[in-house]
Amino acid sequence: MALGSGGGAGRLTVNGLPVSGGFMIGYVHSIYKAPTAEVFTVEGRRFTMRAVLSANESTLDYYALAGARSRTRSGAWMLRLAEPATYEELSLLTTSIGRRTLLAGGRCLPLFPEAGAAEVRLAVELTLEAGGEPCRPPYDQSLFLDAVETTP
């Protein structure tokens with residue numbers, strides 16, 4: 001999405017990764033060792049968590065959130081939140097164990113450090129330079145690729 005700004009055209013991004021309506025925060029769940037993602041939609045400079053999806057249904061229980069469960073085309077479990085949560089910014093603790101990664105439009109942006117832990121702030125911004133790279137395992141699985149299409 002190209003937008004005008006005082007200095008010229010820009011692109012709506014989350015931490016430099018271009019978003020077009022939505023993005024995911026993918027990670028490997030520390031207890032269930034399952035690829036998992038939190039699914040967000042973007043409206044202006046705010047983003048709303050709409051669903052959680054995982055290769056392992058037990059991961060959805062870990063969140064203890066009300067919502068409707070279903071399966072995606074790829075066979076992943078999805079929990080659509082009964083009460084979506086909206087943010088203007090979100091702080092996350094990231095580690096190399098969970099490998100939190102932003103995913104949007106088939107591109108990925110790793111948020112985790114090589115070792116130890118780091119705090120990362122997520123926000124929707126207008127950016128001239130967009131980042132990201134092709135997604136690598138486990139984020140190249142169909143589990144992640146069809147989730148945004150099936151989430152309102």
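Visitor: Which residues of the largest nonpolar core touch the most other members?

Guide: A nonpolar core is a set of buried nonpolar residues joined through side-chain atoms. In this predicted model, the largest such core holds 39 residues, and those that touch the most other members are Phe23, Ile25, Phe47, Leu53, Leu102 and Leu122. Strand β6, residues 46-54, supplies the largest share of this core, with five residues.

Visitor: What is isoleucine 25 in contact with, leaving aside its neighbours within four places in sequence?

Guide: Its partners include Thr36, Ala37, Glu38 and Phe40, as well as Leu90, Leu92, Leu102 and Leu122.

Visitor: Why is strand β4 described as largely enclosed by the rest of the structure?

Guide: A residue is called buried when its relative accessible area is under 20%. In β4, residues 22-28, seven of the seven residues are buried, so the strand is largely enclosed by the rest of the structure. Gly22, Met24, Gly26 and Val28 point one way from β4, while Phe23, Ile25 and Tyr27 point the other way; all are buried.

Visitor: How many bridges join β4 to strand β5, and how many join β4 to strand β10?

Guide: Two strands count as paired if there are at least two bridges between them. Seven bridges join β4 to β5, residues 35-43, and these two strands run antiparallel. Here phenylalanine 23 stands opposite phenylalanine 40 in β5. Three bridges join β4 to β10, residues 101-104, again in an antiparallel arrangement. In this pairing, isoleucine 25 stands opposite leucine 102 of β10.

Visitor: What lies between β4 and β5 in their hairpin?

Guide: Six residues lie between the two strands, and lysine 33 in the turn has a positive phi of about 55°.

Notes: Residues are numbered from 1 along each chain as its sequence is written. This is a predicted model: local features need pLDDT of at least 70, side-chain atom pairs count only at pLDDT 80 or more; totals for chains, interfaces and linings use all residues. Side-chain values use heavy atoms; hydrogens and water are left out. A nonpolar core is a set of buried Ala, Val, Leu, Ile, Met, Phe, Trp, Tyr and Cys residues joined through side-chain atoms within 4.5 Å. Buried means under 20% relative accessible area, exposed over 50%, partly exposed in between (1.4 Å probe, protein chains only). Helices (H or I, at least four residues) and strands (E, at least two) are DSSP runs, numbered from the N terminus. Contact means heavy atoms within 4.5 Å.
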